[in-house]
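User: I am new to this structure and would like to learn how to read its features. Could you take me through them one at a time?

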Amino acid sequence: MSPAMERVSVNGAELEVAVEGSGETVVFVHGAGIADSYLPVATDPIVRDHYRTVRYRRRGYGGSSPVQGTVTVAEHADDCRALLDQLGIRQAHVVGHSYGGAVALQLAVDAPEVVTTLTVFEPGLLAVPSGPSFFERVAPIFQMYERGERVAAVDAFMTTVAGADWRSNVDRTVPGGAAQAEKDAATLFESDLPSVGAWRFDPEQAASIRQPVLYVLGSDTLPVIREGRDLLRSWLFRMEDAVLTDATHLLQMEQPAAAAAALVDFLKRHPAAA
């Protein structure tokens with residue numbers, strides 16, 4: 001069962017937050033489109049029974065405050081920092097997927113004292129050779145959205161990153177997740193995708209990240225993601241890899257047990273300092 005969500009005020013907005021368990025804190029930052037994408041990992045007993053989990057919905061998702069124009073990656077990172085502060089959490093293991101992975105990286109740069117370890121599930125690092133071709137692929141999908149074809153645009157985008165079976169794969173572990181993506185389409189197309197396209201993360205920023213980093217990759221993911229993984233590996237001081245078999249960009253929803261196991265193995269080897 002998903003824990004009940006409360007509303008917490010941060011930076012002039014209200015965010016829906018679910019907090020469960022006890023132990024070292026793990027905060028989950030979801031990607032673009034599906035706000036509850038980390039639900040099956042955060043509620044897996046090997047995570048839930050050993051850690052205090054914080055799972056929240058970013059601005060523009062679910063019952064959190066709507067976005068006003070484009071919200072930057074840095075602004076979302078500041079929301080995460082402020083949320084932890086409001087919850088009385090001084091330091092946490094930070095876990096982010098896709099857009100949320102970019103937020104996690106930015107948080108580690110902007111507020112390193114908050115981040116114990118960093119786990120990124122295919123972060124949105126698109127300044128790679130195949131980045132322009134990826135945006136060419138999604139350009140017609142933006143046009144579809146602008147014509148008012150919201151549901152078709154969401155389906156086309158998710159199919160691009162996760163295959164034609166994305167709905168059944170998502171709803172199997174996140175009930176209602178596909179409908180959630182349709183409901184929050186405006187945030188996906190009007191804020192998150194433009195924002196991650198404008199986000200810049202460079203070697204100097206990466207060099208400032210000294211915490212242990214785990215990169216989780218789906219075996220069936222896109223070339224743009226693989227290139228981003230290789231680029232990040234060349235930049236980061238300490239980075240480990242984990243590959244989830246038979247998984248696309250929606251990997252933690254497709255293979256939640258394997259995702260939880262990889263995460264917990266990493267966290268056990270890198271506990272918070274006493």
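Predicted model: local features only at pLDDT ≥ 70, side-chain atom pairs only at ≥ 80, totals over all residues.

User: How are two packed helices described?

Analyst: The description uses the angle between their axes and the distance between the axes. Take helix α5 (residues 131-146) and helix α6 (residues 150-162): their axes come within 8 Å and cross at roughly 165°. An angle over 145 degrees counts as roughly antiparallel, so α5 is roughly antiparallel to α6. The crossing of α5 past α6 is right-handed.

User: Which residues of α5 and α6 meet?

Analyst: From α5 there are F134, R137, V138, I141, M144 and Y145, and they meet R150, A152, A153, A156, F157, T160 and V161 in α6. Sorted by class, the contact of α5 with α6 has 10 nonpolar, 1 polar and 2 charged residues.

User: What is the arrangement of α6 and α9?

Analyst: The axes of α6 and α9 come within 9 Å and cross at roughly 60°. The two helices are therefore oblique to each other. Here α6 passes α9 in a left-handed crossing. On the α6 side the contact is made by R150, A153, V154 and F157, and on the α9 side by A185, L188, F189 and L193. By class, this contact of α6 with α9 has 7 nonpolar, no polar and 1 charged residues.

User: Is S191 buried or exposed?

Analyst: S191 is found in helix α9. Buried means under 20% relative accessible area, and S191 counts as buried because its relative accessibility is 0%.

User: Which residues does S191 touch, not counting residues up to four places away in sequence?

Analyst: With those neighbours left out, S191 touches V67, G69, T70, V71 and A186.

User: How do I read a positive phi in a residue that is not a glycine?

Analyst: Note the angle, then the place of the residue, then its accessibility. E122 is not a glycine, yet it has a positive phi of about 45°. E122 lies in the loop between β6 (115-121) and α5. With a relative accessible area of 0%, E122 is buried.

User: Where is N11 placed, and what is its phi?

Analyst: N11 is in the loop between β1 (6-10) and β2 (13-20). The phi of N11 is near 50°, a positive value in a residue other than glycine. At 37% relative accessibility, N11 counts as partly exposed.

User: How many residues does helix α13 have, and how far does it reach?

Analyst: Helix α13 (residues 256-269) has 14 residues. From its first C-alpha to its last, α13 reaches 20 Å, close to the 20 Å expected at 1.5 Å a residue.

User: Which residues of α13 are buried?

Analyst: The buried residues of α13 are P256, A259, A260, A262, L263, V264, F266 and L267.

Notes
Residues numbered from 1 in each chain as written. Heavy atoms only, no water. Axes fitted to C-alpha atoms, helices over the stretch in contact; angles between N-to-C directions. Helix = DSSP H or I, 4+ residues; strand = E, 2+ residues; numbered from the N terminus. Parallel < 35°, antiparallel > 145°, perpendicular 65-115°, else oblique. Left-handed = near helix turned anticlockwise from the far one by under 90°. Contact = heavy atoms within 4.5 Å. Nonpolar A, V, L, I, M, F, W, Y, C, P; charged D, E, K, R; others polar. Expected span 1.5 Å × (residues − 1). Buried < 20%, exposed > 50% of the residue type's maximum accessible area, 1.4 Å probe, protein only.
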